[in-house]
Amino acid sequence: MKEQFRDKIENCYAEYHRQWMQLPATELIQKAEEIAAVQLMAKEIPSQVSAEQAEYLLQFKNPLEVVTDSWLAENGSSVSVIDEELSHVLWRLIDTGDAEAIYETESSEPKELYFGIFHIQENGNETRFASIGDHELLYTAEQLRRYVQHEESVSAFENLYPNRVEITEHEFDRYVMERIHDSGRVAGAFHINFDKGEFSGVRLMDGWQSFQIKDICLAVSHAMRKEGADTEEQWDRLLDRLRDKEITPDSRYAFLEGERTLRPEEISFSGDIDQNDNLLNFYLEMNFNVDEVFGTNVMTAENDDFLNIYADYDLEENCVCDTLTVLLECANGEQFPYRYRLNAEEQAVITQKMDDYCIEQLGVSLSDCREQYLEEDAQPAQNLSM
């Protein structure tokens, strides 16, 4: 596609050059600004455009004229550092759609392009940008997973989109409404807050939905893993794994913190080991002063409240989850969920004790449990034949 675009630009420029050679000197002087702009665009746009932008411009009989006119309207001929400015020109052409009505095209059907919009908060910085392409949830989630797991060598998430164009908050909000009402061109709208660990996307007709970034990464890893799964099945696996993981005002846990951490000799388990999708769930015995560790007030004669404490092992990530779930069970029947952050030492001790408890209860180790889970999860899709 880009090679075809390069050839077309070269042909358009050759035609411009042929016409210039037939003009008298006085007229060439009058056209100096236009000539300089044509030369600049002919030199730069073949290497600057993305494949999607090239496909859009190829619908015009003279894409060099389309881009040059837009460039002159926005920048004149005096700007020589053009990367950001040219990206902006190309974006405005696609966004407004005016060029299709002004310039001759070689196709009866105007080319429709999809784009995604992003609001990124990372390391205290904030940016909003648009990027041409079919940036729907499945693709964006996989991009996010690769970035979080350092499979992409970029310094910031936004750098995964080299042809991005910065947009204003007002423009972002306008495109969000287009996405909600399904205008047909906004493939996805996302707010990724790395500082809070949250990922939000716009669902058609419903608006924003938010998830933990780690849940998105686990879900897309699960979706992509199955051998032989087509895109539709990958979507089903992604959405199935995200079911009941949406962040709501009621689902945001408060974190507990006491005056000390858990000691190795205080960590032990009892009861069954339950499995919920990719998580093995262990019940933590309370043979220690929970008020000292969690900052609660249950070890007292003042009330009959008590705690239920659970630790999870993530079979996909092959590690202990970094928080305990602490349920405060009140004497009046109310229940309040909390989290407790585990430090590295606590996680290491819990991992070993989980492994020992698995062998004691199930006769297999944690690694055996994980191997079995991955084998079952990666079974190829079964095709029915008549």
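**Terms and numbering.** In these legends Ala, Val, Leu, Ile, Met, Phe, Trp, Tyr, Cys and Pro count as nonpolar, Asp, Glu, Lys and Arg count as charged, and the others, Gly among them, count as polar. The model shown is predicted, so local features need pLDDT of at least 70 and side-chain atom pairs count only at pLDDT 80 or more, while totals for chains, interfaces and linings use all residues. Residues are numbered from 1 along each chain as its sequence is written, and side-chain values use heavy atoms, with hydrogens and water left out.

View 1. A pocket is found on a 1 Å grid over the protein atoms alone, as an open set of points where a 1.4 Å probe fits, with protein on both sides within 12 Å along at least five of seven lines, and its lining residues have an atom within 4 Å of a point. The volume of the second largest pocket is about 450 Å³, where a volume is the space filled by probe spheres set on the points, and grid points are joined across faces, edges and corners. Its lining holds 20 residues, and those nearest the centre are Leu137, Arg203, Gln209, Phe211 and Leu239. By class, this lining divides into 11 nonpolar, 3 polar and 6 charged residues. Strands β4 (186–193), β5 (198–203) and β6 (207–212), together with helix α11, each supply at least two of the lining residues; helices (H or I, at least four residues) and strands (E, at least two) are DSSP runs, numbered from the N terminus.

**View 2. The largest pocket.** About 1,600 Å³ of space lies in the largest pocket. Of the 43 residues that line it, Gln212, Lys214, Asp215, Thr323 and Arg339 are the closest to its centre. The lining is made up of 13 nonpolar, 10 polar and 20 charged residues, and helix α10 gives the most to it, with 5 residues.

View 3. Helix α10 has 13 residues and reaches 18 Å from its first C-alpha to its last, close to the 18 Å expected at 1.5 Å a residue, the expected span being 1.5 Å times one less than the number of residues. Among the buried residues of α10 are Ile213, Asp215, Leu218 and His222, where buried means under 20% relative accessible area, exposed over 50%, and partly exposed in between (1.4 Å probe, protein chains only). Helix α9 (residues 169–180) has 12 residues and reaches 17 Å, close to the 16 Å expected. Its buried residues include Phe172, Tyr175 and Val176, and α9 is followed by Asp182, whose phi is positive, near 55°.

**View 4. Two buried side chains.** Arg128 lies in strand β2 (residues 125–132) and counts as buried, at 16% relative accessibility. Its side chain makes a polar contact with the side chain of Glu126 (3.5 Å); such a contact is a pair of N or O atoms within 3.5 Å, and within protein one must be able to donate a hydrogen and the other to accept it, while residues adjacent in sequence count only if both atoms are side-chain atoms. Tyr56, in helix α4 (residues 51–57), is buried with a relative accessible area of 2%.

View 5. The structure holds 0 disulfides, a disulfide being a pair of cysteine sulfur atoms within 2.5 Å. The sulfur of Cys319 is 6.4 Å from the closest cysteine sulfur, in Cys321, and is therefore too far for a bond. The sulfur of Cys369 is 4.4 Å from its closest cysteine sulfur, in Cys358, which is also too far for a bond.
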